[in-house]
Amino acid sequence: MKVLHIEAGRHLYGGARQVLYLLEGLAARGVESILACPEGSDIAREARPWARVVEMRMGGELDLMLPGRLRRLMMDTRPDLVHVHSRRGVDVWGGIAARRAGIPALLSRRVDNPEPRWLAHWKYGLYAKVIAISEGIRQVLLREGIPPEHVVTVRSAVDAAPYLHACERDAFRETFGLPEHALALGVIAQLIPRKGHRHLLAILPEIVQRHPEVRVLFLGKGAHRPQLERQVEQLGLARHVQFTGFRDDLARWLPCLDIVVHPADMEGLGVSLLQASSASLPIIATRAGGIPEAVRDGENGLLIPPADPTALAEALLRLLDNAPLRTTMGATGRALVQREFSVTGMVQGNLALYRQILSAGTLA
């Protein structure tokens, strides 16, 4: 079996990391993979052990030449199947190119934002199947009128092994300039509005009055950073908030955090939440999208409504005041990830769907 994968993300955020897991797992099962991705992208470098990598220009929704470039690649490589993994225009252009090339295709949908029904019916009709990476996303598509048999849930996964180690406490404090008795909160997400960093900053003055030892690490980068930096300055929080940028050594430091906070307005599932649970960290997150599948309220974390500062402050103070509860929730989370979000299960779920599509012999 030969599969052409299309991933438009330039950085190794959650979705691109899932593609890497999948490519490695497919290679181990004898599947030949080709990866089309942006020129100079992080995934182009990382995927080479598992796939033939083709770097090309991907200019987004307005890149009217992209369907032609993708179709030429399909005609040159003749895959049995095309798997589109991201948006940024390739969710449309990839489907159109595959249809023109006469190759069956499927699409992974990783976000829970609603779309107009007419657009959903047209776009997802280009594909033989749509993979929802959480049941929450699948329900969004069903509400838009996509037939239930057309949408399959295959949850995102995490390789827990890199997080199964003790914290290097002294090195952690030195690397991030933290005081000896700091309580470290982490937000592991791109700095974009829908991830909700501003909600945490809004209630942080109240938190540090009760817990002046609290320090917040924003682990990620993004276009919203200037606005967040201004909010930090206006609230007088410079001593308590640090923008670390994207960390490729996240696995080393994650076990040293005390709590992961994920106040997202929208979220497909949240791979960073699976990483946090792998590191035995308690989580505070919202009931947005597929998050309740990764964070079970009262078990491995606390769930609150999106954009609810009062609930966020109450949940955070509850965990900050109760170290034994943090430990218990962390242990429960690690067991949950190992039981329900394994890479093996994710790879097998995708491969089973490939076989089903190819055996059916239809484009859509």
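**Reading the strands and helices**

Student: What makes E12 and strand E13 count as a pair, and in which sense do they run?

Tutor: In this predicted model, E12 and E13 (residues 301–304) are joined by 4 bridges, in the parallel sense. Pairing needs at least two bridges, so E12 and E13 qualify as a pair. One place to look is Ile283, which stands opposite Gly301 in E13.

Student: How do you know that E12 also pairs with strand E11?

Tutor: Apply that cut-off again. E11 (residues 259–262) and E12 share 3 bridges, again parallel. At least two are required, so this is a pair as well. Here Val260 has Ile283 as its bridge partner in E12. Between E11 and E12 the chain passes through helix H11 (residues 271–278), and this β-α-β crossover is right-handed.

Student: Why are both faces of strand E12 called covered?

Tutor: Look at its side chains. On one side of E12 (residues 283–286) are Ile283 and Ala285, on the other Ile284 and Thr286, and all of them are buried. Buried stands for under 20% relative accessible area, so each of these four falls below that limit.

Student: What is the order of the strands in the sheet of 6 strands?

Tutor: The order is E10-E9-E8-E11-E12-E13, in an open sheet with parallel pairing.

Student: And what makes a strand an edge strand here?

Tutor: An edge strand pairs on one side only, and in this sheet that describes strand E10 (241–243) and E13. On average, neighbouring strands are turned by 20 degrees against each other, direction ignored. At the E10 end, strand E9 (residues 214–219) pairs with E10 in the parallel sense over 3 bridges, and Val216 stands opposite Val241.

Student: Which strands does helix H8 lie across?

Tutor: H8 (residues 197–210) lies across strand E8 (183–188), E9, E10 and E11, and runs at about 170 degrees to E9.

Student: How do H8 and helix H9 run: parallel or perpendicular to each other, and why?

Tutor: The axes of H8 and H9 (residues 225–234) cross at roughly 5 degrees and come within 10 Å. Since angles under 35 degrees count as roughly parallel, H8 and H9 are therefore roughly parallel. Where they meet, His197, Arg198, Leu201 and Ala202 of H8 touch Leu228, Gln231 and Val232 of H9. By class, that contact has 4 nonpolar, 2 polar and 1 charged residues.

Student: What is the angle between helices H1 and H15, and what do we call it?

Tutor: H1 (residues 14–28) and H15 (residues 343–360) pack at about 75 degrees, their axes 9 Å apart. The range from 65 to 115 degrees counts as roughly perpendicular, and H1 and H15 are therefore described that way. Residues in this contact include Tyr21 and Leu22 of H1 and Met346 and Tyr354 of H15. The contact divides into 8 nonpolar, 3 polar and no charged residues.

Student: Which strands make up the sheet of 7 strands?

Tutor: That open sheet has the order E3-E2-E1-E4-E5-E6-E7, with parallel pairing. Its edge strands are E3 (52–56) and E7 (151–153), each pairing on one side only. The twist averages 20 degrees from one strand to the next. Helix H3 (residues 66–77) packs on this sheet, and its direction makes about 155 degrees with that of E3.

Conventions. Residues are numbered from 1 along each chain as its sequence is written. This is a predicted model: local features need pLDDT of at least 70, side-chain atom pairs count only at pLDDT 80 or more; totals for chains, interfaces and linings use all residues. Side-chain values use heavy atoms; hydrogens and water are left out. Buried means under 20% relative accessible area, exposed over 50%, partly exposed in between (1.4 Å probe, protein chains only). Helices (H or I, at least four residues) and strands (E, at least two) are DSSP runs, numbered from the N terminus. A crossover is right-handed if, with the strands pointing away from the viewer, the path from the first strand over the helix to the second runs clockwise. Axes are lines fitted to C-alpha atoms, for helices over the stretch in contact, and angles run from 0 to 180 degrees between N-to-C directions. Contact means heavy atoms within 4.5 Å. Angles under 35 degrees count as roughly parallel, over 145 as roughly antiparallel, 65 to 115 as roughly perpendicular and the rest as oblique. Ala, Val, Leu, Ile, Met, Phe, Trp, Tyr, Cys and Pro count as nonpolar, Asp, Glu, Lys and Arg as charged, and the others, Gly among them, as polar.
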